[in-house]
Amino acid sequence: MKKIIAALSLGMLVAGSSAYAHTTTKPQDQKPRNEMRGAMKDKAQKSPEEKAQMKTERMAEKLELSAAQKNQLQELNMRQAQEMKAMHESHKATSEKTPEQRAQMQEARKASHEKWQAELKSILSTEQYDKYETDRAEMKQKRADGKKRHKSGEHKKSGEHQKRGEYKKQQQGM
């Protein structure tokens, strides 16, 4: 009889602690994942015109472009955004994607980007293009460092992941 009571109480203890762990691990103000992904879908659903406009505005601000350069860049970004959308649609139309098809798509995107870069270089001054390249290299390095930190779990040890969440809340006005 004592063994049965001990087994039941142990079972209830384990069940109670796991139920408690499930209810307390998620902060109350945190959005469900599917709602967080909604913001990414909104970004992906922007029209090529909107994407080109955003990219042009961001680059014009960072590189201090003249009005003529800004207009040329807008046209270039518009062409690229439409081209990328067409590539995406054609790739999306095929249901079964073989590794060869994926490699072709990647090569097509790479060729399109190289063409865009060559045209960009002709629009920008030498100093502006150097600044663009420097900014790109810095961003690439930050991304690489972030991936390393994330894989190692270092961002959690430093509490940085919580700081980012607080920053995003501030930006969203929460």
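A residue counts as buried when its relative accessible area is under 20%, as exposed over 50%, and as partly exposed in between (1.4 Å probe, protein chains only). By that criterion, 16% of the 174 residues of the protein are buried. The model is predicted: local features need pLDDT of at least 70 and side-chain atom pairs count only at pLDDT 80 or more, while totals for chains, interfaces and linings use all residues. Residues are numbered from 1 along each chain as its sequence is written, and side-chain values use heavy atoms, with hydrogens and water left out.

Begin with the whole chain in cartoon view. It shows eight helices and zero strands, where helices are DSSP runs (H or I, at least four residues) and strands likewise (E, at least two), numbered from the N terminus.

Next, select α4 (residues 67-93) and α5 (residues 99-123). Their axes, lines fitted to C-alpha atoms over the stretch in contact, lie 10 Å apart at an angle of about 175°. The two helices are therefore roughly antiparallel, a term for angles over 145 degrees between N-to-C directions, on a scale from 0 to 180.

Now display the side chains where these helices meet. Among them are L73, L76 and M84 in α4, and M105, W116 and I123 in α5.

Centre on I123. Leaving aside residues up to four places away in sequence, I123 touches Q69, Q72, L73 and L76, a contact being heavy atoms within 4.5 Å.

Finally, select the largest nonpolar core, of 12 residues, including M59, L63, L73, W116, I123 and Y132. Such a core is a set of buried Ala, Val, Leu, Ile, Met, Phe, Trp, Tyr and Cys residues joined through side-chain atoms within 4.5 Å. Helices α3 (48-63), α4, α5 and α6 (126-152) each supply at least two of its residues.

Definitions and conventions: Angles under 35 degrees count as roughly parallel, over 145 as roughly antiparallel, 65 to 115 as roughly perpendicular and the rest as oblique.
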